[in-house]
Amino acid sequence: MTKGTTSFGKRHNKSHTTCRRCGKVSFHIQKKRCASCGYPNSRMRTFNWALKARGLRTNGTGRMRYMKTMTRRFKNGFREGTQATKQIGK
């Protein structure tokens, strides 16, 4: 048995397809489970030993539609629906 050219010709069955959550071709068709993000689990698949992998998909890597205004709103005490008090000039 050779492990090179002749063996590569036999590879025509797909075990993985595109995952609808992470977009990688890591969703196992028979297992119905993504090898990369763990879909359909509600929690994302992460491991503490993979620091680089955690940094690639953690908070701050996407749009942060909610979190990017959090520091400013926290500084102002999460006020809503009010007019800011006028600052007196020095």
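Two strands pair if DSSP finds at least two bridges between them. Strands themselves (E, at least two residues) and helices (H or I, at least four) are DSSP runs, numbered from the N terminus. You're looking at a predicted model, where local features need pLDDT of at least 70 and side-chain atom pairs count only at pLDDT 80 or more, while totals for chains, interfaces and linings use all residues. Residues are numbered from 1 along each chain as its sequence is written, and side-chain values use heavy atoms, with hydrogens and water left out.

**Exercise 1. Work out how the sheet is put together, and find the bridge partner of F27.**

Step 1: Start with the order. The sheet is open, has three strands and runs β1-β2-β3 with antiparallel pairing.

Step 2: Look at the edges. β1 (16–17) and β3 each have a single partner strand, so one side of each has no neighbour in the sheet.

Step 3: Zoom in on β2 and β3. These antiparallel strands are joined by two bridges, and F27 has C34 in β3 as its bridge partner. As background, strands of a sheet pair through backbone hydrogen bonds, either parallel or antiparallel.

**Exercise 2. Sort the aromatic pair of F27 and Y39, then the pair of F47 and W49, by geometry.**

Step 1: Rings of Phe, Tyr and Trp (its six-membered ring) pair if their centres lie within 6.5 Å; planes under 30 degrees apart are stacked, over 60 edge-to-face, and the rest tilted.

Step 2: Count. The rule gives three aromatic pairs.

Step 3: Take F27 and Y39. Their centres are 6.2 Å apart with 55 degrees between the planes, so by the cut-offs this pair is tilted. The two residues are twelve apart and link distant parts of the chain: F27 sits in strand β2 (residues 27–28), Y39 in the loop between β3 (33–34) and α2.

Step 4: Check the cover. Buried means under 20% relative accessible area, exposed over 50%, and partly exposed in between (1.4 Å probe, protein chains only). F27 is buried because its value is 15%, while Y39, at 22%, is partly exposed.

Step 5: Now F47 and W49. With 5.2 Å centre to centre and 15 degrees between the planes, they're stacked. F47 is partly exposed at 36%, and W49 is exposed at 67%.

**Exercise 3. Tour the loop between α2 (51–56) and α3 (70–75), where T69 is found.**

Step 1: M64 counts as partly exposed because its relative accessible area is 34%; M67, at 41%, is partly exposed, as is T69 at 24%.

Step 2: Follow T69. Its side chain reaches the backbone oxygen of Y66 at 3.3 Å.

Note on methods: Polar contact = N/O pair within 3.5 Å; in protein donor to acceptor, adjacent residues only side chain to side chain.
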